[in-house]
Amino acid sequence: MENEALIRVTIFLGLFGILAAAEAYAPRRARVYPRSRRWMTNWGIVIVDTLTIRALAIAMPLLAVGAAIDADAKGWGLFNALSLPLWLEIALTILILDFLIWGQHVITHKIPLLWRLHQVHHADPDFDVTTAIRFHPLEIALSMILKIGAVYALGPAALAVILFEILLNGMAMFNHANLRLPLRLDAALRRIIVTPDMHRVHHSVHRAEHDTNYGFSLSIWDQLFGTYRPQPDGGHEGMKVGLQWQDARPTRLAWSLLLPFRK
């Protein structure tokens, strides 16, 4: 769709700036490391991720939005066989794809080979808005391939896919933000969406805690499937973020990209 990439990048950067300012004004926890080095590393990973997706687009020219347009042209997918109102198709697309991302997230914690990639995200020794963009490029590529397959199977409108991508990116940045929300507001929001306090539990060094709260956007999946944990045992100020061996090495770009291949 025309200007789709520009619209998404503009919204992404705008939300990032708002959340970065908000967490600086009302932080939930004190930082362990200065922002400068971590942020350079996390943004460096984003650059590598972007180049990886560009390379993937050479082998697979139709990424998620292109797959939706192609499925529509060929009449492929569930929604192309139905006559649903656009608003309902958008709502169902967001719901189904969000569940798919939740399931993918669970699997990355359960399969050792996939965990090697996903641990790059968890190895961030602090938890803030840039943690949301810290994913190994191979994990990003695998996630995109899965998403393309799901889009062909569903056959949603391209607009629905665009709105899902915007929502997913925005919610991931929101619930990774080091942001102090009023407790009553947090309790109300997490009935539907994932809040920073809810997702922070998932980044605990303790296995019993980081194998919970897998959601990125909607909180209902964790509540339905028994993986919801309301608070960390040590409290948010006292909990340690990262992995059990955590040290300063993941603040380095090259070290982080090579982490999946280390013993």
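Reader: Is Glu-23 buried or exposed?

Author: Buried means under 20% relative accessible area, exposed means over 50%, and partly exposed is in between (1.4 Å probe, protein chains only). Glu-23 has a relative accessible area of 1%, so this residue is buried.

Reader: What should I know about the model and its numbering?

Author: The model is predicted, so local features need pLDDT of at least 70 and side-chain atom pairs count only at pLDDT 80 or more, while totals for chains, interfaces and linings use all residues. Residues are numbered from 1 along each chain as its sequence is written, and side-chain values use heavy atoms, with hydrogens and water left out.

Reader: Which residue meets Glu-23 in a salt bridge?

Author: Side chains of opposite charge can pair when their charged atoms come close. A salt bridge is a side-chain nitrogen of Lys or Arg within 4 Å of a carboxyl oxygen of Asp or Glu. Here the partner of Glu-23 is Arg-31, at 3.4 Å from N to O. Arg-31 is partly exposed, with a relative accessible area of 30%.

Reader: How many salt bridges are there by this rule?

Author: The count is 15. Another of them joins Asp-211 to Arg-207, at 2.4 Å from N to O. Asp-211 is buried at 15% relative accessibility, whereas Arg-207 is partly exposed at 47%.

Reader: Which parts does the pair of Arg-229 and Glu-209 tie together?

Author: These two side chains form a salt bridge of 3.9 Å, N to O. Arg-229 lies in the loop between helix H11 (220-224) and helix H12 (253-258), and Glu-209 lies in helix H10 (residues 207-210), so the pair ties together parts that are 20 residues apart in sequence. Glu-209 is buried, at 3% relative accessibility. Elsewhere, salt bridges with shared partners join Glu-23, Arg-31, Arg-38, Asp-124 and Asp-128 into one network.

Reader: How many helices and strands does the protein have?

Author: Helices (H or I, at least four residues) and strands (E, at least two) are DSSP runs, numbered from the N terminus. The protein has twelve helices and zero strands. Its radius of gyration is 18 Å, close to the 18 Å that the globule rule gives for 263 residues, so the protein is as compact as a globular protein of that length. That radius is taken over C-alpha atoms, and the rule is 2.2 Å times the number of residues to the power 0.38.

Reader: What share of the residues is buried?

Author: Of the 263 residues, 51% count as buried.
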